[in-house]
Amino acid sequence: MEADRLSRTLLAWYDAEARRLPWRSPPGVYADPYHVWLSEVMLQQTTVAAVIPYFRKFLDRWPTVLDLAAADSEEVMAAWAGLGYYARARNLLKCAQHVASVLGGRFPDTEDGLRSLPGIGDYTAAAIASIAFGRATVVVDGNVERVMARLFAEQAPLPGVKPRLKQRAAQLAPQERCGDYSQALMDLGATLCTPRNPACGLCPWVRDCQGRLQGIAADLPARTPKAEKPTRHGLAFWIARWDGSILLRKRPPHGLLGGMLEVPSTPWRDSSEGGAWTLDEASKHAPLSCSWHPVRGTVRHTFTHFHLEMTVVTGIARGGEPPASRWVSPESLGEQALPTIMRKIVRHAML
Ligand code: SF4
C-alpha cells in the first residue's frame with residue numbers, strides 16, 4: 001500500500017469529519033498541552049461521553065495548569081468523584097504541582113520529558129507530544145489497533161500483535177501533521193470502523209482495506225480469550241447517629257479507591273479467601289459496635305480486574321468518631337467525594 005496516498009486520504013477525511021471535542025483544536029492547529037493532558041488522563045479507561053462534562057467542569061474551575069496546581073486536593077477528588085480510577089486524580093494534582101513548581105507552568109515538549117512527569121506513561125506522553133507539539137510520534141489506542149488490524153487483515157490475536165499494529169500505524173504516518181494523523185485514526189475507529197458493523201461505505205480507506213476485501217473486517221482484531229474475572233465480596237456498615245448523620249470513612253491513601261471516602265466496609269475477598277461474609281465475621285471490621293440489621297439484596301459493581309458484590313447492614317450508633325471518619329448529614333451525601341460503588345451503596349441503603 002502507498003503510505004503517502006493513504007495518509008493524505010485520511011487527513012482529507014479528517015479535515016471534513018473531525019469530531020468536535022472540547023479539548024481539541026481544529027485540524028491543522030496544535031492543541032493546548034494542558035487540555036490534551038487533562039483529557040488524556042480522564043479518557044484512560046473512560047468513554048468520551050462520560051469525560052466531556054468532567055473536562056468542562058475542571059476547565060471552568062481550573063483554567064490553567066497553575067490554577068490546578070494551587071487547588072485543594074479534597075476539592076480535586078470531589079470534582080473527580082464518579083469518574084473512577086482515583087489514582088489518576090491524585091497523579092493529576094501531583095503532575096500539575098510539578099509542572100507549576102519545577103517547570104514554571106510549561107509542559108515539556110518531548111516524549112521523554114513528558115514521560116518523566118508523575119502519572120504520564122508512554123501513551124499519554126506520545127499523545128501530548130504529537131497533538132500539542134507536533135512531534136513525529138504515533139499514538140496507538142484500541143481504536144487505532146482495530147483500524148490497523150482491519151486495514152492490513154492482521155489475524156494474529158491481541159495483545160501479542162500490538163507491536164506489529166503500532167509499526168503499521170507508524171509506517172503510514174505523514175512527515176507533517178502527525179498529531180492530526182493520530183487523531184484522525186482515533187476518529188475513524190470511533191465513528192466508522194466501530195467494533196461491530198463497520199461503516200465501510202463511508203470510509204476513506206474502503207478500496208484499500210484488506211479486511212473488508214477478504215470479508216473478515218468485523219471479526220478483527222482477533223483476541224486471546226480473557227480469563228474470567230473473579231468475584232469479591234464485602235459487607236458495608238451503614239451507621240446512623242441520633243441526629244440522622246451517616247458515618248463515612250476515608251480509605252487509606254494507596255490502593256484501589258485510595259484516599260476516597262467510603263461507607264465503612266470489610267475488606268473485599270474472593271472465594272479463595274472465604275467469599276461472602278457472615279455477619280459474625282464481618283462485625284469484627286465494623287468501626288463502631290451496633291446492633292445490625294441486614295438490607296435486602298446486594299450491590300454489584302465491576303472493576304477492571306474483578307466483580308464486587310456488597311451486602312449492606314444498618315445500625316444506630318450512640319456516638320463516637322472512629323479514626324479517619326466523619327459524620328455527614330444525609331442531605332450533604334450528594335456533595336461528598338464518593339466513588340461510584342459507594343454511591344450505589346448509599347442509594348441501596350436509603351431505599
Ligand atoms: S474499510 Fe471498513 S473495516 Fe476497513 S478500515 Fe474502513 S471502516 Fe474499517
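Tutor: Here is a walk through the loops, with the overall layout to start us off. Keep in mind that this is a predicted model, so to speak a computed one, where local features need pLDDT of at least 70, side-chain atom pairs count only at pLDDT 80 or more, and totals for chains, interfaces and linings use all residues. Residues are numbered from 1 along each chain as its sequence is written, and side-chain values use heavy atoms, with hydrogens and water left out.

The protein has 14 helices and six strands; these are DSSP runs numbered from the N terminus, with helices being H or I over at least four residues and strands being E over at least two. Taken along the principal axes, the C-alpha atoms fill a box of roughly 75 × 50 × 30 Å. Of the 351 residues, 49% are buried (under 20% relative accessible area; over 50% is exposed and in between is partly exposed, using a 1.4 Å probe and protein chains only).

Start at Trp 23, which sits in the loop between helix H1 (3-17) and H2. (Rings of Phe, Tyr and Trp, taking the six-membered ring of Trp, pair if their centres lie within 6.5 Å; planes under 30 degrees apart are stacked, over 60 edge-to-face, and the rest tilted.) Phe 55 belongs to helix H3, so the pair ties together parts that are 32 residues apart in sequence. Phe 55 is buried as well, at 1% relative accessibility. The whole structure has nine aromatic pairs, and Tyr 34, Trp 37 and Phe 107 form one aromatic cluster.

Next up is Gln 45, in the loop between helix H2 (33-43) and helix H3 (48-61). Its phi is positive, about 60 degrees, although Gln 45 is not a glycine. Gln 45 counts as exposed, with 59% relative accessibility.

Tyr 85 has a positive phi too, near 45 degrees, and is likewise a residue other than glycine. You'll find Tyr 85 in the loop between helix H5 (73-80) and helix H6 (87-101). At 36% relative accessibility, Tyr 85 is partly exposed.

Leu 158 and Pro 159 are joined by one, with omega about 5 degrees. Pro 159 is in the loop between helix H9 (142-151) and helix H10 (162-172). Further along, the bond from Leu 220 to Pro 221 is also cis, and its omega is near 0 degrees. Pro 221 lies in the loop that runs between helix H12 (210-213) and strand S1 (231-240), which takes you from a helix to a strand.

To place some of this, look at residues 42-191: the chain there is 64% helix and 0% strand.
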